[in-house]
Amino acid sequence: MKSNRILELDALRGIAALLVVFFHYTIHREEAELGFKLGTTGVDLFFIISGFVILMSLSKIKSAKHFIFNRLVRLYPAYWAAVTITFLVSNYIDFGVNADIFLQKNLIDYFINLTMFQMYFEVGDIDGPYWTLVLEMLFYILMLLLFLTRQLKNIQLYGSTLLVGIVTLNIWIRSSGLIHDVFFFYLPVLQFIPLFFAGTLFYQLYTNQGQKYRIYLLLGATFFAQIFLFKTTGRSFHFVSQLEYTAMISTYYLLFFLFIHGRLKFIINRLTLFLGGISYSLYLIHQMISIKIVIPYLILNYDFSFWTASLCFALPISIILAYLITALIEKPVGKYLKKKFILLFIECDNSKRNTWLFSSSILLTIIALVMLKPIFLSPSRFNIPNPKTISVDLFMEEKKKSIFSLSMNDTLSYVNSWQNTLIEKNDSSANVLTTKNDLYGITFKTDNLPSFKSSKTHFYFHCKSNQLNTTDSLFYLVIELKQDQKQMMLLKVEDVSSSLIQNEWVDFYLECELPKITSDDYNFSLYILNSQRREMLTEEFEFFLTEIDKK
């Protein structure tokens with residue numbers, strides 16, 4: 001029986017997955033400069049492919065139920081398997097890797113991650129690649145709305161309007177907190193709409209729909225819009241220059257032009273098709289298991305070289321796991337569900353009214369998750385006074401009273417080429433996200449601060465970064481306190497940015513009050529996030545704690 005699959009797209013998926021894998025393997029390492037850092041744009045290729053495939057899918061179905069069911073069956077079984085495996089491995093298996101104590105997530109994090117919408121609950125991803133999945137889901141919702149309103153025929157009009165709106169809003173993104181939140185929290189898919197839209201345009205070229213000159217003009221607009229958004233959206237700007245990004249996006253557009261003209265068959269072979277077949281599972285499962293466990297474990301315990309650990313162990317393990325998830329879960333579960341429940345979801349009472357009711361209920365549920373962060377999931381359990389900036393002199397004076405301190409100088413002898421460095425000090429430990437002498441974030445864990453149990457504590461923090469006062473670096477200082485694996489405090493300091501930018505400062509000194517701790521099991525984390533909620537580079541840091549005087 002002849003397959004309906006488009007082999008070039010499968011091959012492109014395999015290539016995109018491999019790009020992402022090697023990008024993650026070499027992230028924050030010298031090897032990234034060999035060209036592997038360009039793999040950060042692999043997700044951009046995935047987004048173009050999604051635009052193509054989703055419009056193709058919607059063009060071939062008659063029912064919104066059919067589309068929703070197929071998407072859920074396609075995405076969730078493999079995703080649930082990957083989340084579960086990663087959660088269990090990182091929480092319950094001791095590989096002797098120092099940094100693994102900081103990878104742990106609790107059961108609430110796990111169950112919220114299963115929704116694929118964890119960012120709206122302000123819960124971190126159990127594994128790094130999951131951030132793109134909510135963007136895919138939001139794009140599906142937008143396309144489904146066009147399908148339900150019979151507006152797919154006008155997709156060029158709506159896509160063009162979005163392009164103009166996104167570029168315009170991006171110009172004012174720093175002057176409006178609401179616009180910023182729309183871009184990076186409520187509708188993060190807007191950051192990549194040009195690429196998704198480009199995928200739909202390539203599909204129209206592939207199927208000879210619409211006027212070609214108009215499609216070519218719109219493709220040019222999507223290209224320049226995405227390049228324009230480079231510095232203030234997405235994540236690639238952390239790792240590649242705008243020129244490098246432009247070169248990679250140009251390459252992806254060229255590959256699609258070759259594809260629609262039948263000139264891309266040279267990429268089709270057993271390897272690319274195999275990787276394409278497991279690309280979704282490989283994308284989901286490879287990062288934490290490889291770069292947080294397998295590779296550091298082999299390097300630290302057996303003195304393997306980076307490439308030996310990566311190519312001979314981490315990559316094969318990731319591919320085997322991806323193949324097993326695909327062969328034993330994704331395909332059989334999808335086939336079973338389609339066979340057993342197709343009548344319930346597609347054929348049973350397929351009236352327009354019920355289709356609308358079913359689709360609307362799904363959309364409203366998702367929109368409720370997106371727009372309404374449930375109060376009962378709010379992590380803040382104390383009324384914490386707002387942090388305030390202080391002078392250097394006061395900072396140094398208070399430092400003399402510190403009961404615990406940690407600074408960049410304490411990390412220098414421990415820093416290696418890995419992004420996680422564990423520092424032991426005073427029966428405590430601090431996990432520093434770092435590369436060589438550059439710091440990105442710190443997580444402090446201890447059971448040896450008795451004064452935390454008897455009174456409240458002042459927290460003082462000094463940070464210096466040349467990124468902090470640039471026009472594209474709105475940032476947050478995040479202070480998180482966990483007791484018995486439960487989040488007691490999540491404090492985001494946002495108002496420091498404007499002062500730094502206005503005064504062209506590169507560092508700041510901060511003071512705030514921490515709540516009383518009643519348990520030995522607590523974690524204290526602090527890190528700096530940029531406007532995309534990604535950790536920012538820090539050249540210097542220092543923090544210390546003082547006991548509040550009793551009166």
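R150 is found in the loop between helix 5 and helix 6 (155-171), where helices are DSSP runs of H or I with at least four residues and strands are runs of E with at least two, numbered from the N terminus. That's our way into this predicted model, in which local features need pLDDT of at least 70 and side-chain atom pairs count only at pLDDT 80 or more, while totals for chains, interfaces and linings use all residues. Residues are numbered from 1 along each chain as its sequence is written, and side-chain values use heavy atoms, leaving out hydrogens and water.

- R150 isn't a glycine, yet it has a positive phi of about 55 degrees.
- At 58% relative accessibility, R150 counts as exposed (buried means under 20% relative accessible area, exposed over 50%, partly exposed in between, with a 1.4 Å probe and protein chains only).
- M116 is another non-glycine with a positive phi, this time about 75 degrees.
- M116 lies in the loop between helix 4 (107-113) and helix 5 (131-148), and it is buried, with a relative accessible area of 1%.
- For background, most residues other than glycine have a negative phi.

**The chain as a whole**

- The protein chain has 19 helices and eleven strands.
- Buried residues account for 53% of its 551 residues.
- Take the contacts (heavy atoms within 4.5 Å) between residues at least 6 apart in sequence: 75% of them join residues at least 24 apart.
- The chain's accessible surface is about 25600 Å², with 59% of that belonging to carbon and sulfur atoms (areas come from the Shrake-Rupley method with a 1.4 Å probe; for residues, only the protein chains shown count as cover).

**Aromatic rings**

- A search of the whole structure turns up 33 aromatic pairs (rings of Phe, Tyr and Trp, the last by its six-membered ring, with centres within 6.5 Å; planes under 30 degrees apart count as stacked, over 60 as edge-to-face and the rest as tilted).
- F47 and F192 make a tilted pair, because their ring centres are 4.8 Å apart and their planes sit at 50 degrees.
- F47 lies in helix 2 (residues 42-60) and F192 in the loop between helix 7 (177-186) and helix 8 (193-206), so the pair ties together parts that are 145 residues apart in sequence.
- Both partners are tucked away: F47 is buried at 1% relative accessibility, and F192 is buried at 4%.
- Y297 and Y302 form an edge-to-face pair, 5.9 Å centre to centre with 65 degrees between the planes.
- Y297 is partly exposed at 24%, and Y302 is partly exposed at 49%.
- There's also an aromatic cluster whose members include F52, F202, Y216 and F259.

**Charges over rings**

- The charged end of R29 sits over the ring of F306, 4.0 Å from its centre (this needs NZ of Lys or CZ of Arg within 6 Å of the ring centre and within 35 degrees of the ring normal).
- R71 lies over the face of Y140, 5.4 Å from the ring centre.

**A buried glutamine**

- Q226 belongs to helix 9 (residues 212-228) and is buried, with a relative accessible area of 2%.
- Leaving aside neighbours within four places in sequence, Q226 is in contact with D44, Q191, F192, P194, L195 and Y245.
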